Amino acid sequence: MSTFKREADMLRPLTEGRHNFTSPRTPWEHFYEIQTPKGVADLVLAVFNKRVIDDRKKWGVHPIQSKSAIDVISFLTITHQQWEAGDKLSPTTTTSEIASNTLTSTSHLTQQLIPSLIEYGWVERTGRGKWKVRHAYQCPTTSIYAIEVKRSDWQRALGQVAPHTNFANKAFLAMDEARLPKAKDALMGALRHAGVGLLSLSADRLKDPLTVIANPPRRSPKSSERFVVAERLLAVRGSGGNSGFWGHVFGKLITTSSGDDPRKSALLVT
């Protein structure tokens, strides 16, 4: 029975066969090796919100790539929206209020987070220790699918893909058909419990290269994890690459890559 020699060989059948498990007319974009708050996702498919992207270009703001910064801008956005609705007298918030509501130290706020948010065009100072958003935060993606690719050992693979359900609308485990267990009851039960789908990939040229064995229900996560991954996808997209790793420096893309390897090729848009 034909089998894949490398997990990297399983990536192209996924990108080329994505119409089997995504909406075919939607402009999905493909990214590889994306750092999430809980590990690296092998393959991420995303649909970007054109209106939000256009607004950001007009405003000249940059992606926000740390969870703590997302928490700050989200709180400031909520304060601004409450002011617009007439529930608050001012859109301005103090450093101590931000610290209390985001569980962030005032020193971290004043020394790193707020200066970075000002530099990246999101926040402005309105007085001593007082701040407000320049632009209300909106997530730059409308859909995110995350896929973990493994040749074998579905138990270990499921442990890696399950956390992706915290940010992805759908999360899938993609495995070599030749290495899937013949008795799938335990596997299918674990997938249902985790809310994860299963994609079978075949190296046999006489078979369909991709088969959807389990398609999970669509989720609508709105957590800070979702926003962090969306911002990192946007930053990779803006860099001209389609894969990359991240450091701990606010807003800075440490590396991004492009090349002949399907994980590091020019951005695929279909």
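The bend at a residue is the angle between two fitted axes, one for the seven residues ending there and one for the seven starting there. Helices (H or I, at least four residues) and strands (E, at least two) are DSSP runs, numbered from the N terminus. This is a predicted model: local features need pLDDT of at least 70, side-chain atom pairs count only at pLDDT 80 or more, and totals for chains, interfaces and linings use all residues. Residues are numbered from 1 along each chain as its sequence is written, and side-chain values use heavy atoms, with hydrogens and water left out.

Take helix α5 as the way in. A kink of about 35° lies at Leu113 in α5, shortly before the proline Pro115. How far apart are the end C-alpha atoms of α5? They are 18 Å apart. The expected span is 1.5 Å times one less than the number of residues. After α5 comes Gly121, with a positive phi near 90°.

Next, the inward side of this helix. Buried means under 20% relative accessible area, exposed over 50%, and partly exposed in between (1.4 Å probe, protein chains only). Leu109, Leu113, Ile114, Ser116 and Leu117 of α5 are buried. The buried residues of α5 pack against α3 (67-84), α4 (95-102), β4 (123-127) and β5 (130-133). Contact here means heavy atoms within 4.5 Å.

How are α4 and α5 oriented to each other? Their axes are 9 Å apart and meet at an angle of about 100°. Axes are lines fitted to C-alpha atoms, for helices over the stretch in contact, and angles run from 0 to 180 degrees between N-to-C directions. Angles under 35 degrees count as roughly parallel, over 145 as roughly antiparallel, 65 to 115 as roughly perpendicular and the rest as oblique. So α4 and α5 are roughly perpendicular. Thr95, Ile98 and Ala99 of α4 make the contact with Thr106, Leu109, Thr110 and Ile114 of α5. In the loop between these two helices is Leu103. Leu103 has a positive phi of about 55° although it is not a glycine. Leu103 is exposed, at 81% relative accessible area.

Now the cores. In soluble globular proteins, nonpolar side chains tend to be buried together. A nonpolar core is a set of buried Ala, Val, Leu, Ile, Met, Phe, Trp, Tyr and Cys residues joined through side-chain atoms within 4.5 Å. The largest one has 39 residues, and Ile64, Ile98, Trp122, Ile144 and Leu233 have the most contacts inside it. Elements that each supply at least two residues include β1 (29-36), β2 (39-48), β6 (141-150) and α8 (224-239). The most comes from α8, with seven residues. A second, separate core of 18 residues includes Phe21, Leu45, Val149 and Ala174.

Lys38 lies in the loop between β1 and β2 and is partly exposed, at 49%. Lys38 touches Pro163, Asn166 and Glu225, not counting residues up to four places away in sequence. The C-alpha atoms of Lys38 and Asn166 are separated by 9.7 Å, although 128 residues apart along the chain. Asp153, in the loop between β6 and α6 (154-161), has a positive phi of about 60° without being a glycine. Ser200, in strand β8 (residues 197-201), is buried at 5% relative accessibility.
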